[in-house]
Structure formats: structure tokens, C-alpha cells
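Hi everyone, thanks for making the time. I'd like to walk you through one structure this morning, so let me put it up on the screen.

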Amino acid sequence: MVGELDADAVVEYFRGKSILITGSTGFLGKVLVEKILRVQPDVKKLFLLIRANDVESAKQRVETEVTGRTIFHVLKEKHGNSFEDFIQEKVCPLAGDIVYENLGVDKAKLTELSKEIDIIVNGAATTNFYERYDVAFDTNVMGAKHICEFAKRCEKLKMLLHVSTAYVAGEKEGILPEKPLLVGETMREGIHLDIEYELNLIKEIRRKLEINCSSEIAGKRTMKELGLKRAREFGWPNTYVFTKAMGEMLLGHLRGDIPLIIIRPSIITSILREPYPGWMEGIRTIDSFIVGYAKRALSVFLVDPNLIMDVVPGDMVVNAMMVAMAAHSEEQAQHTFHVTSSLRNPVPYTVLAESAHRYFLLNPPCHGKNGEPVRMSRMRFFRSLPRFRAYMAVKFRLPLEQILRLLSIVGCGAFSRRYDELSRKYRYVMHISELYAPYTLFRGCFDDMNTERLRAVMANKQNDMSRGYGFGFDPQSIDWDDYFFRVHIPGVVKYLLN
């Protein structure tokens with residue numbers, strides 16, 4: 001690790017660098033691209049690998065899904081009429097996809113890139129907890145393999161940074177260390193994971209689906225159920241974290257002497273400080289709770305409000321990524337960082353619940369028939385899955401069955417609307433609650449000793465905002481109640497709810 005850093009040294013590190021970034025159309029990818037361009041306009045080139053058929057389509061996606069977003073407005077104001085020229089000079093869209101060998105890029109272009117790239121940031125992933133196994137495997141596992149293979153070809157590569165998730169720890173309890181995942185390691189003692197076998201299993205299931213001429217819907221359901229079954233067999237709660245864990249394993253196993261950083265954020269939330277506090281895209285774990293509550297679609301939830309909710313603002317994750325790259329550049333080693341808050345500044349779910357209730361009491365999102373504000377009642381919480389299921393059965397499933405019997409006797413009419421309404425609400429609440437149960441009932445605490453050493457390198461300078469930016473990623477600086485009430489929940493309302 002280099003000696004003490006400050007914001008100027010981190011910014012200087014990116015001067016003249018050519019950086020390949022995957023996943024730039026995602027939330028975290030946009031935050032990273034914007035920050036690099038804003039703080040270091042003398043970066044040489046940002047090559048953005050975009051899933052597209054050709055360069056023109058890739059360019060169009062960058063313009064609409066990346067640089068055209070709200071988060072780039074500060075940069076637009078800074079450059080004025082020359083913004084488009086600046087983007088054209090610094091940003092190079094590449095049509096390709098990490099699911100393919102050679103990243104789906106033309107061989108001649110790939111050879112050219114391999115001579116120019118200094119840094120690779122792999123942020124591409126499918127984050128759907130209940131994704132098709134084949135889709136998640138292609139992106140999160142094979143994608144990591146293909147990125148690593150390309151990295152080995154890069155003649156002057158100084159760093160490969162891979163964005164993973166802290167929840168590759170599965171559902172373990174207690175203090176969870178920042179240690180690499182080894183090939184074959186599982187969350188269940190005595191069980192070995194063979195990644196090659198998983199790949200062949202997917203191929204075999206695909207072949208059977210084709211032979212049986214299965215419908216697209218049937219194939220999708222089969223692959224989703226397969227992913228969940230395989231994940232749980234090895235001790236992971238869902239397909240997303242299972243495949244992300246395998247991706248980490250392959251990177252560590254195949255990297256050789258490539259400098260590798262694994263960044264493991266917990267639940268990523270809206271921007272805390274810059275460029276726009278509260279900005280976000282895409283509904284994440286806790287945002288489903290907030291949106292459901294605001295729409296009065298959720299009156300109950302499966303969560304222990306006293307358990308720790310490990311969240312971290314998106315700009316803090318990007319700050320940690322940039323500092324880690326500057327601190328460990330060209331080190332022929334692997335470093336793993338938990339960018340998390342449960343150890344340094346733990347916040348229980350009850351803080352979010354109270355902040356949300358207080359916010360929507362003062363800013364009611366729903367109105368009655370005559371336009372009057374509707375008073376928001378407190379949400380009811382259940383701390384265990386059996387109690388939650390029992391409540392939902394009595395409150396919703398039994399009434400649904402009674403209404404269904406009435407419908408069969410008297411025909412549709414007035415009952416059908418009520419039945420549809422209750423049925424939708426029941427399915428929504430059960431789906432959301434059970435999907436997020438591994439997180440709302442999570443009893444682990446992420447150690448961040450490596451990340452703390454990284455913070456120490458920045459030595460009291462990481463929160464310096466005198467230049468209009470900083471590189472802070474210490475969760476101890478966050479007042480969670482204030483953040484939720486004044487930043488995050490208003491951001492959910494502005495960018496997601498409306």
C-alpha cells in the first residue's frame with residue numbers, strides 16, 4: 001500500500017489513465033463514471049462496455065442511460081456548451097457483453113484495447129435475487145472469468161477492481177471477515193462446490209428444455225427454480241449472491257499475478273453528499289419497504305426491527321473504490337474490502353421505520369377521495385417467518401378462500417374486484433417479505449478491518465469538501481436518522497415513487 005493519501009493524490013492517480021468499465025448503465029456505474037469525469041477531466045479515456053448490437057446502439061445507450069441522467073447535470077453546468085464535446089473526447093462506448101469470450105468485442109479492437117487499458121472496473125452484474133440460473137451464471141460467473149482473461153492480455157494493467165456484495169457470506173451469523181472465497185468453498189460444512197459441474201448442469205437443463213419444446217414461460221420458471229435450489233443446497237439464500245460468490249472464486253483462482261481488488265458493499269442506498277444528495281435509480285431492498293409503505297400496499301413486514309440494517313450510500317462505495325485503486329495500484333496481490341456499516345456505525349431497522357413514519361406523517365403521499373391527506377398508520381412487524389405466515393393466512397388467505405367460494409355461488413359481480421384487490425396485496429406482501437427475509441432477518445456483522453486501514457491512509461483528509469468533492473467512506477460520519485429523513489426517503493419519493 002502507498003503512503004498517506006489525500007484527495008489531490010487520489011485525483012492525480014486517474015490523470016492520463018485509460019479505464020475499461022463494465023456495468024456503467026447501472027446505478028453504481030453511473031456514480032463512478034460521473035465522479036471520475038468531474039474530479040479528473042484529464043483522465044485519458046473511459047471505455048464503457050455496453051450491451052448493444054453495434055457501436056451506434058452502444059453510443060445511444062450511453063447518451064440516454066448514462067450521461068443523459070440527472071446525476072450528470074453538475075458536470076453539464078461545469079462544461080456548458082462544450083459538455084457534449086467533452087463526453088465525446090473522454091467516453092468511448094464499446095458494443096459487447098461480458099457473457100461472451102473476448103467480451104463480445106471485435107478481435108482487432110480487443111487487441112488495440114489490451115495495449116491501452118490501465119484499469120478495469122467490473123461492475124456488470126445481474127442483481128435480481130430470483131434470476132434465471134443460466135442468466136445469472138452467464139453474467140456473474142462467466143462474466144468474471146471473461147474479464148479476468150482479458151485483464152491478463154492487458155500489457156500495462158495496473159488494477160482490476162471487481163464489485164461483489166458483502167452478502168456472499170450467505171446467512172452466517174457473528175463477525176464476518178474480509179477474506180477471499182476459495183474455489184469449491186460453500187456455506188455448508190462438508191459440501192464441495194464444483195463450478196464446472198454447475199455450468200454443465202445448466203447446459204444439460206437447457207438441452208432438455210429444447211428437446212421437450214418447452215415454452216418460454218416454462219423454461220424461465222424451470223431456470224429460476226433451479227438457481228434457487230442450487231443456491232440453497234450450498235448454503236446461499238438466493239441465486240444472486242450464490243453466483244456472485246462463484247464469480248469471486250474464479251477471479252481469485254485465475255488472476256495469476258494481476259493486481260485484484262474485490263469490493264463488497266452491503267445494501268447500497270442513495271447518494272449522501274455529491275453531486276446530488278438523495279439521487280438514486282432502481283428499487284433496492286429497503287426501498288421496496290419505503291415504496292410499499294408510501295403506497296399503502298404494505299401494512300405488515302417480515303423484519304426484526306432491532307436487528308442491524310447494513311446500508312451504505314452509493315457515493316461512499318465509489319469513494320472507497322477510487323481510494324482503493326490509488327492505494328493498491330500495481331500490487332501483485334488480492335485485496336478484499338467490506339464497504340459496510342454494521343460494525344462502525346450500526347443502525348437498526350427501527351430507525352428506518354421511525355424515519356419513514358415521521359416523514360410520511362409530515363408529507364403524506366396518499367390522499368382521500370376529496371383530496372385530503374390520509375393519516376399514515378404504523379407498520380406492523382413480525383420477527384419470524386412462521387408467525388408472519390400464520391398472520392397472513394388468517395388476515396388474507398382465509399378471507400380470499402371465503403370470497404372465492406362466494407364468487408362460485410353468486411357469480412362475479414361486486415365480489416370479484418375485492419377478491420382481485422386482496423389477492424394482489426397478498427401475493428405482493430408475501431413475495432416482498434420472503435424475498436428479503438435473508439436480509440431483514442440477517443444476524444451477521446461485517447468486519448471492515450481492511451477498509452479501516454484504507455480509511456487510515458486518507459488520514460483525516462477524506463471528508464475535505466473544499467474543492468466541491470471529497471473521498472469520504474467512513475459510515476461513522478453519518479447520522480442515520482437525519483440521512484433517512486432528509487436525504488434518502490425524499491430521494492425515494494422524488495426518483496422512485498413519482
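Let's start with the open space: the largest pocket holds about 1100 Å³. This is a predicted model, by the way, so please keep that in mind throughout. Who lines that pocket? There are 46 lining residues, and the ones nearest the centre are Gly123, Ala125, Thr126, Thr127 and Arg284. If you look at it by element, α2 (27-39), β2, α10 (239-254), β8 (267-269) and α15 (413-440) each bring at least two residues to the lining.

Which of these gives the most to the lining of the largest pocket? That is α2, with 5 residues. Let me stay with α2 for a moment. It has 13 residues and spans 19 Å from first C-alpha to last, close to the 18 Å expected at 1.5 Å a residue. As for cover, 13 of the 13 residues of α2 are buried.

Searching the whole structure turns up 3 cavities of 30 Å³ or more. The largest cavity has a volume of about 80 Å³, and its lining includes Thr285, Ile286, Phe289, Phe301 and Val303, along with Tyr349, Leu352 and Ala353. Phe381 and Thr440 belong to that lining too. Two helices, α11 (285-294) and α13, each supply at least two of the lining residues.

So what does α13 look like? Helix α13 covers residues 349-362, 14 residues in total, and reaches 20 Å between its end C-alphas, close to the 20 Å expected at 1.5 Å a residue. Its buried residues are Tyr349, Leu352, Ala353, Ser355, Ala356, His357, Tyr359 and Phe360. A reminder on helix geometry: with 3.6 residues a turn, residues three or four places apart point the same way.

On to the sheet. It is open, has 7 strands, and runs in the order β3-β2-β1-β4-β5-β7-β11 with parallel pairing. On average, neighbouring strands here are turned by 20° against each other, ignoring direction.

Let me zoom in on two of the pairings. Strand β2 (residues 45-50) runs parallel to β3, and 5 bridges join them; for instance, phenylalanine 47 has cysteine 92 in β3 as its bridge partner. Further along, strand β4 (residues 119-122) pairs with β5 in the parallel sense over 4 bridges, and here isoleucine 120 has leucine 160 in β5 as its bridge partner.

Is β5 itself buried or exposed? All the way along, 5 of the 5 residues of β5 (residues 159-163) are buried, so the strand is largely enclosed by the rest of the structure. Met159, Leu161 and Val163 point one way, while Leu160 and His162 point the other way.

Last topic: the nonpolar cores. The largest has 142 residues, and those with the most contacts inside it are Leu37, Met321, Met322, Met325, Phe471 and Phe484. Helix α12 (residues 314-328) gives the most to this core, with 11 residues. Apart from it there is another core, of 25 residues, among them Val105, Ile147, Leu251 and Leu260.

That's the tour, and I'm happy to go back to any part of it.

Key:
Residues are numbered from 1 along each chain as its sequence is written. This is a predicted model: local features need pLDDT of at least 70, side-chain atom pairs count only at pLDDT 80 or more; totals for chains, interfaces and linings use all residues. Side-chain values use heavy atoms; hydrogens and water are left out. The expected span of a helix is 1.5 Å times one less than its number of residues. Buried means under 20% relative accessible area, exposed over 50%, partly exposed in between (1.4 Å probe, protein chains only). A nonpolar core is a set of buried Ala, Val, Leu, Ile, Met, Phe, Trp, Tyr and Cys residues joined through side-chain atoms within 4.5 Å. Two strands pair if DSSP finds at least two bridges between them. Axes are lines fitted to C-alpha atoms, for helices over the stretch in contact, and angles run from 0 to 180 degrees between N-to-C directions. On a 1 Å grid over the protein atoms alone, a cavity is a set of points where a 1.4 Å probe fits but cannot get out, and a pocket is an open set with protein on both sides within 12 Å along at least five of seven lines; lining residues have an atom within 4 Å of a point. Grid points are joined across faces, edges and corners, and a volume is the space filled by probe spheres set on the points.
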